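Please look at the fold below.

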Amino acid sequence: MTEDGTQASHWLERLPIAQGRPLAAFAATCGLIAGAYFLRVAAAPWLPPGFPYVTFFPAVIIASFLFGVRMGLFAGVACGLLAWYFFIPPVGSLRLGSGAVVALGFYVLVIGTDLMIIHWLQRTNNRLAHSREINRKLAQTRALLFGELQHRVSNNLQVAAGLLSLSKRRVAEPEGKAALDEASRRLALIGRISRQLYDAGGATRSMHEFLEPLCADVIDASGRTDIRCIVNVAEDAPLSSDAAIPLALIVAEAMANAIEHGFADRDHGLIEVELRREGEAMVHVEVRDDGHGLPAGFEIEASNSLGLRIAMMLAEQLNGRFELLPGKGTTARLSLPV
């Protein structure tokens, strides 16, 4: 709906107006009746006989529409009496001749029908406005509850990550400490990004909306302030809610590798995250860094890195492929079917 249509709808929902000011509604109705009478008098020379109510019908309908059926009924009675006395023969009298009976019967039928229809429409309109207000409050409550749920889930994941980090103090083996560190980091990351995976309305997020805050979270979690991240999305794509967490972990793993290995012993670094399409069938998410690059003879399948193995497993779960490509720095590419 356009803005004008929305404003008109809100205005109609407020009808009838002046419900809390009966004197103002009565005065305005009297003004409509007087206006209809003087307009009928002014139009009398140009009207043929037999149109006593021609200007009174609109006054009754407008009064009922704006101020309610009670004011419409008052306007109907007053206009009927004025038309009967001044414009129905014998003029200047309230005698019921045969012509007056037919004219008044026609008037009562038309006005009664109009008032019933307007009353029914206004009751329906009020019910719709009441239902819309209830739905608005329910939607607001749902959004608040959804936000609170996301907040609690995120906090619980952060607590679990903190417990894992504390538990490593009891582990003497370096490999065990490293495993706990990795698990703690991943849980903390999921906790940080869980609030932006979904929204209360159930709308699907785009990849660009998801990747930008994700990259900022990963760099922030690393504690490095000397690394820039640029997100390039030429043709955006919708992000399935089922793919959000796996995609986040894969991209986060690629960025973490770049920060840990590519930028080791460096006081600056640049990471580019690019999304591009390959025809209508594939989407590629590439994480490129300008770091040291891959060691000579490196093969991802032969790597004993837990993070890389998890990335490959998650890519297969999404029916995609994860690979590391040599070049200037390192390129981690995730290929997903559209």
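Pro 90 sits in the loop between H4 and helix H5 (98–167). The peptide bond from Pro 89 to Pro 90 is cis, with omega near -5°. Phi of Asp 265 is near 65°, a positive value in a residue other than glycine. Most residues other than glycine have a negative phi, and most peptide bonds are trans. Helices (H or I, at least four residues) and strands (E, at least two) are DSSP runs, numbered from the N terminus.

This is a predicted model, in which local features need pLDDT of at least 70, side-chain atom pairs count only at pLDDT 80 or more, and totals for chains, interfaces and linings use all residues. Residues are numbered from 1 along each chain as its sequence is written, and side-chain values use heavy atoms, with hydrogens and water left out.

Two packed helices are described by the angle between their axes and the distance between the axes. Here, axes are lines fitted to C-alpha atoms, for helices over the stretch in contact, and angles run from 0 to 180 degrees between N-to-C directions.

| Helix pair | Angle | Axis distance |
|---|---|---|
| H2 (residues 22–43) and H4 (residues 69–87) | roughly 25° | within 10 Å |
| H2 and H3 (residues 56–67) | about 165° | 9 Å |
| H3 and H4 | about 165° | 7 Å |

How do the directions compare? Angles under 35 degrees count as roughly parallel, over 145 as roughly antiparallel, 65 to 115 as roughly perpendicular and the rest as oblique. H2 and H4 are therefore roughly parallel to each other. H2 and H3 are roughly antiparallel. H3 and H4 are roughly antiparallel as well.

Next comes handedness. A crossing is left-handed if the near helix is turned anticlockwise from the far one by less than a right angle, and right-handed if clockwise. H2 passes H4 in a right-handed crossing. The crossing of H2 and H3 is right-handed, and the crossing of H3 and H4 is right-handed.

Which residues touch? Contact means heavy atoms within 4.5 Å. Between H2 and H4, the H2 side includes Phe 26, Cys 30 and Val 41, and the H4 side includes Phe 74, Ala 78 and Phe 86. This contact has 14 nonpolar, 1 polar and 1 charged residues. Ala, Val, Leu, Ile, Met, Phe, Trp, Tyr, Cys and Pro count as nonpolar, Asp, Glu, Lys and Arg as charged, and the others, Gly among them, as polar.

Between H2 and H3, Ala 28, Leu 32 and Ala 36 are among the H2 residues, and Ile 62 is one of those in H3. The classes here are 11 nonpolar, 1 polar and 1 charged.

H3 meets H4 through residues including Val 60 and Ser 64 of H3 and Gly 72 and Gly 76 of H4. That contact divides into 12 nonpolar, 3 polar and no charged residues.

**Empty space inside**

Rolling a probe the size of a water molecule over the atoms shows where empty space is left. On a 1 Å grid over the protein atoms alone, a cavity is a set of points where a 1.4 Å probe fits but cannot get out; lining residues have an atom within 4 Å of a point. Grid points are joined across faces, edges and corners, and a volume is the space filled by probe spheres set on the points.

How many cavities of 30 Å³ or more does the search find? It finds 1 in the whole structure. The largest cavity has a volume of about 30 Å³. Its lining includes Ile 250, Val 285, Phe 322 and Arg 333. Helix H8 (241–262), strand S3 (282–289) and strand S5 (329–337) each give two or more residues to this lining. By class, the lining has 8 nonpolar, no polar and 1 charged residues.

Key:
On a 1 Å grid over the protein atoms alone, a cavity is a set of points where a 1.4 Å probe fits but cannot get out, and a pocket is an open set with protein on both sides within 12 Å along at least five of seven lines; lining residues have an atom within 4 Å of a point.
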